[in-house]
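Please go through the model below with the backbone and the packing of its helices in mind. The briefing follows the structure.

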Amino acid sequence: MSLKGAAYIAGAWEHPTRKAPDKSIALLHAECAKGALEDAGLTKDDIDGYFCAGDAPGGLGPLSMVDYMNLKCRHVDSTDVGGSSYQVAVGHAMEAIAAGRCNIALITLSGRPRSEGQATGTAPRPGNPAAPEMQFEYPYGPATANLYGMCAARHMYEYGTTSEQLAWIKVAASHHAQYNPNAMLRDVVTVEDVVNSPMVSTPLHRLDCCVISDGGGALILTKPEIAKSLKRPLVKVIGVGESPKHQAGGEIDLTYTAARWSGPPAWEMAGIKPSDIKYASIYDSFTITVLMQLEDLGFCEKGQGGKFVADGNLISGVGKLPFNTDGGGLCSNHPANRGGITKIIEAVRQLRGEAHPSVQVPNCDLAIAHGTGGALGTRHCGSTVILERE
Amino acid sequence: MAYTARKIPFVGTPDTNPETKPFFQGADAGKLMVRRCTSCKKVHHYPRELCPFCFGSCEWQEASGKAKVYTFSVMERANPPYAIGYVTLEEGPNVLTNFVDCDFKALKIGQDVKVTFVKTEDGGPSMPFFTPA
């Protein structure tokens, strides 16, 4: 049985903050929940399913947050696959709704790495040594930036991808961010600005990296009958896919991402192809992340991502594939170091016709929101959501 | 950009996971130990008791220490900068490591490298690193 259309995104809300030193992480989650409920026209008592991931404080999955928000749930899920968790949650919520395990599902994400001074991309963080890989990786200084830098270096070696091509991804994001009053980086940048910014970890420059921001977001999913009783435009979930990729016992290939595996089931469920997509939210922890995922989702052939993104092809109103029209993680927001939910929220804005007029895609009826969580250089999860305006 | 030695951190001890203790004992003796499956005969990394390809039983063997650079990234923001990368061992698997005793600007994907061992800080075990062959 296909789950296509079994759930609708009835509420979507992004916290406007990018720096929240005076708020607790739990409060940020609750403010996002409240915002998404108001957006949907629902109340807290309507929620009977709650979905969160590792950013939810407390350590026992959803327990602390359902207590803090005083939710009465029939179904909870706290699958944690980093920044891709929220696309995964959309799929899991749709399954739960289709199975009758809940009617109104709430998904929240929040965090404040900026206020906490976290050097997200450049400082290796020791983990539990009982994690089987930890002692074979931590001594070598794996930080986020160099784990993605290794992928970029291999992609350049195999396919001739250039720093200038990667820079076009940041350029496109900056063109969109200029219209987002909440974006952290609103100045339009050029290819030269990106390639001349300080090197962080070769071949990735500072402007190849996403921002570090506080904030969060929330989504409300519900079944078709309830969605159609609400007053908001109808955004239907028509395709989902999730898949992890890892070192494969040493057979790791850094030239592709898990999108190669999460994309096909989503395309198949949706019954559409990449060329049907009007707007794409693509996870953008780094420029290379975007380029590789676009290839792996089928927007261009493997190895042709550099040519595909160049010359403004991702800029709304200019290129063929408008992407991350809120400015994305590269320029606007990467709350809790997890950009999955903001990808879905901007896709919902586009499908509702509620994006900024300067970046709104005309007649936007089909959109994709793809997430990556973890690190492309070691292990990560890819998760794909395809949405349709009804 | 020249290589400058940095303190190499370790987390836990070689006893934390009994499954991999022989790897660290080997490294302290200047040997790069890898696991080979007695069923499918493939070598994997990081080392496991059960083969990640077929769940067969594995035995330890000393690797040649010869490898080729698969990829690398020089973390220029760190002080001192360091070069993380994967090497493809002669025995097959790609292994995460750092490159030492070399000019980072001259490092090339595909070049031949060989293993060398560096002690981790605070009395931790030695770990395998790679340097141009």
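**Backbone, helices and chain contact**

B:Tyr46 sits in the loop between strand S2 (43-44) and strand S3 (58-62) of chain B; helices (H or I, at least four residues) and strands (E, at least two) are DSSP runs, numbered from the N terminus. The model is predicted: local features need pLDDT of at least 70, side-chain atom pairs count only at pLDDT 80 or more, and totals for chains, interfaces and linings use all residues. Residues are numbered from 1 along each chain as its sequence is written, while chains are lettered from A and ligands numbered from 1 in the order in which they are written.

**Cis peptide bonds in chain B**

- Most residues other than glycine have a negative phi, and most peptide bonds are trans.
- The bond from B:His45 to B:Tyr46 is cis, with omega near -5°.
- A cis bond also joins B:Asn79 to B:Pro80, with omega near 0°, and B:Pro80 belongs to the loop between S4 and S5 of chain B.

**Positive phi in chain A**

- A:Ala336, although not a glycine, has a positive phi of about 60°, and its place is the loop between helix H12 (328-332) and helix H13 (340-352) of chain A.
- A:Ala336 counts as buried because it has 28 C-beta neighbours inside 10 Å (buried: 20 or more other C-beta atoms within 10 Å of its own; exposed: 12 or fewer; partly exposed: in between; C-beta atoms are placed from the backbone).
- A:Asn337 is in the loop between H12 and H13 of chain A and has a positive phi of about 60°, although it is not a glycine.
- A:Asn337 has 21 C-beta neighbours inside 10 Å, so it counts as buried.

**Helix H3 of chain A**

- Helix H3 (residues 85-98) has 14 residues, which should span 20 Å at 1.5 Å a residue; its end C-alpha atoms are 20 Å apart, in agreement (the expected span is 1.5 Å times one less than the number of residues).
- Twelve of the 14 residues of H3(A) are buried, including A:Tyr86, A:His92 and A:Met94.
- Just after H3(A), A:Gly100 has a positive phi of about 75°.

**Helix H9 of chain A**

- Helix H9 (residues 259-270) has twelve residues and reaches 16 Å from first to last C-alpha, close to the expected 16 Å.
- The buried residues of H9(A) are A:Ala259, A:Ser262, A:Gly263, A:Ala266, A:Trp267, A:Met269 and A:Ala270.
- Seen down the axis of H9(A), these buried residues fall within an arc of 160°, so they line one face of the helix (the arc is that of the directions from the helix axis to the C-beta atoms).
- A:Gly271 follows H9(A) and has a positive phi, near 70°.

**Helices H6 and H10 of chain A**

- The axes of helix H6 (residues 163-177) and H10(A) come within 9 Å and cross at roughly 100° (axes are lines fitted to C-alpha atoms, for helices over the stretch in contact, and angles run from 0 to 180 degrees between N-to-C directions).
- H6(A) is therefore roughly perpendicular to H10(A) (under 35 degrees is roughly parallel, over 145 roughly antiparallel, 65 to 115 roughly perpendicular, the rest oblique).
- Among the residues making the contact are A:Leu166 of H6(A) and A:Leu291 of H10(A) (contact: C-beta atoms, placed from the backbone, within 7 Å).

**Contact between the chains**

- 35 residues of chain B are in contact with 30 residues of chain A.
- Strand S4 (66-75), strand S5 (82-89) and strand S6 (94-99) of chain B each supply at least two residues of the side that touches chain A.

Note on methods. Two residues are in contact if their C-beta atoms, placed from the backbone, lie within 7 Å.
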